[in-house]
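Here is a short report on helix packing and pockets. Start with the view below.

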Amino acid sequence: MEIWSDIVCPWCYIGKARFDKALAAFEHRDEVEVEFRSFELEPGRDKQDVEPVERMLTRKYGPQAAGMEERVAELARAEGLGFRVDREVGSTFDAHRLLHLARDHGVGNDLADALFDANFADARPLFTGDALPQVAAKVGLDEEDVRRVLADPTAYAEAVRREEREAADLGATGVPFFVIDRRLAVAGGQPTEVFARALERAWQESH
């Protein structure tokens with residue numbers, strides 16, 4: 001299972017939780033390998049362009065933005081997730097580069113979950129300061145390695161771009177985008193039962 005996602009995407013956060021519930025109930029869960037793939041909602045956003053989510057949503061959707069955000073928050077909380085509306089939004093390119101470093105060390109999914117929690121549940125400022133290295137260190141990455149990658153803008157940059165091109169080639173127009181064995185795709189933060197059916201179907205077709 002490959003999951004194209006972005007750490008500032010609320011539907012990715014909710015969809016991942018729903019998928020995790022489906023996987024936990026799947027009879028053959030121990031034979032499922034999950035990989036987090038890179039997809040930026042705003043590729044090319046300047047690293048210095050950090051703003052409150054509320055301001056960004058209001059600029060895009062107008063006065064209805066607050067109500068939209070609260071409805072998404074209710075859905076997240078219904079899945080047992082923390083969700084703060086006072087968080088920030090900025091470029092996620094560095095976070096995706098660190099996710100590739102984490103994957104090389106076997107903790108890619110752990111870092112993805114930790115970044116989701118840090119962003120949505122804790123509203124940590126992941127786009128400036130030391131929060132990003134601190135979250136990465138919590139899942140076992142060497143902080144010196146993390147800072148080395150962050151200091152080198154070319155480190156894992158092509159890996160991020162390559163996965164974004166793969167998403168486009170597979171037909172993804174948004175995220176979350178779940179792909180099983182490069183044959184079966186589930187788009188969006190679907191209900192848990194949709195992921196459960198997809199897992200069962202993929203298993204039957206491959207066996």
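## Terms and model

Helices and strands here are DSSP runs, numbered from the N terminus; a helix needs at least four residues and a strand at least two. The model is predicted.

## The largest pocket

The largest pocket has a volume of about 430 Å³. Its lining counts 20 residues, and P10, L41, M56, L57 and Y61 are the closest to its centre.

Which elements each supply at least two residues of this lining? They are helix 1, helix 2 (53-61), helix 3 (65-78) and strand 4 (88-89). Helix 2 gives the largest share, with 5 residues. By class, the lining of the largest pocket holds 14 nonpolar, 1 polar and 5 charged residues.

## The second largest pocket

The second largest pocket has a volume of about 270 Å³. It is lined by 14 residues. Nearest its centre lie K47, D94, L126, F127 and T128.

The lining of the second largest pocket divides into 7 nonpolar, 5 polar and 2 charged residues.

## Helix 1 against helix 9

Two packed helices are described by the angle between their axes and the distance between the axes. For helix 1 (residues 10-25) and helix 9 (residues 192-206), the axes come within 8 Å and cross at roughly 50 degrees.

Helix 1 makes the contact through G15, R18, F19, K21, A22 and L23. Helix 9 brings T192, F195, A196 and L199. By class, this contact has 6 nonpolar, 2 polar and 2 charged residues.

## Helix 5 against helix 6

Helix 6 also packs with helix 5 (residues 108-121), and their axes come within 9 Å. The axes cross at roughly 135 degrees. That angle makes helix 5 oblique to helix 6. The crossing of helix 5 with helix 6 is right-handed.

What do the two helices bring to the contact? Helix 5 brings L111, A114, L115 and A118, which meet L132, V135 and A136 of helix 6. The contact of helix 5 with helix 6 has 7 nonpolar residues, no polar and no charged ones.

How values were computed:
Residues are numbered from 1 along each chain as its sequence is written. This is a predicted model: local features need pLDDT of at least 70, side-chain atom pairs count only at pLDDT 80 or more; totals for chains, interfaces and linings use all residues. Side-chain values use heavy atoms; hydrogens and water are left out. Axes are lines fitted to C-alpha atoms, for helices over the stretch in contact, and angles run from 0 to 180 degrees between N-to-C directions. Contact means heavy atoms within 4.5 Å. Ala, Val, Leu, Ile, Met, Phe, Trp, Tyr, Cys and Pro count as nonpolar, Asp, Glu, Lys and Arg as charged, and the others, Gly among them, as polar. On a 1 Å grid over the protein atoms alone, a cavity is a set of points where a 1.4 Å probe fits but cannot get out, and a pocket is an open set with protein on both sides within 12 Å along at least five of seven lines; lining residues have an atom within 4 Å of a point. Grid points are joined across faces, edges and corners, and a volume is the space filled by probe spheres set on the points. Angles under 35 degrees count as roughly parallel, over 145 as roughly antiparallel, 65 to 115 as roughly perpendicular and the rest as oblique. A crossing is left-handed if the near helix is turned anticlockwise from the far one by less than a right angle, and right-handed if clockwise.
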